[in-house]
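Colleague: I would like a close look at one part of this model. Please keep it brisk.

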Amino acid sequence: MAKKGARQVFALICSVCKSQNYLLERNKINTPEKVNLTKYCRKCRKHTLHKETSKLK
């Protein structure tokens with residue numbers, strides 16, 4: 001049975017090459033703002049800023 005709650009699945013997209021690299025979950029009640037993280041991009045081969053998007057590929 002699935003959990004009920006305020007968890008939301010979202011993707012992180014590299015701000016340099018626009019490739020989707022990560023899928024994460026967050027609680028939309030505790031963190032209402034969009035997430036911006038510095039993560040490793042395999043396509044760029046370096047750490048870049050990744051921004052949240054709700055569109056999943």
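Over which ring does the charged end of K39 sit, and how far is it from the ring's centre?

Modeller: This is a predicted model, where local features need pLDDT of at least 70, side-chain atom pairs count only at pLDDT 80 or more, and totals for chains, interfaces and linings use all residues. Residues are numbered from 1 along each chain as its sequence is written, and side-chain values use heavy atoms, with hydrogens and water left out.

The charged end of K39 sits over the ring of Y22, 4.6 Å from its centre. Sitting over a ring takes NZ of Lys or CZ of Arg within 6 Å of the ring centre and within 35 degrees of the ring normal. R26 does this too: its charged end lies over the ring of F10, 5.8 Å from the centre.

Now the strands. Strand β1 covers residues 7-14, and β2 covers residues 20-27. Strands here are DSSP runs (E, at least two residues), numbered from the N terminus. Seven bridges join β1 to β2, and the two run antiparallel. Strands pair if DSSP finds at least two bridges between them. R7 stands opposite N27 in β2.

β1 and β2 form a hairpin with five residues between them. K18 lies in that loop. K18 has a positive phi of about 65°, although it is not a glycine. Most residues other than glycine have a negative phi. K18 counts as exposed, at 56% relative accessibility. Exposed means over 50% relative accessible area, buried under 20%, partly exposed in between (1.4 Å probe, protein chains only).

L23 lies in β2. L23 is exposed as well, with a relative accessible area of 54%.

Note on methods: Helices (H or I, at least four residues) and strands (E, at least two) are DSSP runs, numbered from the N terminus.
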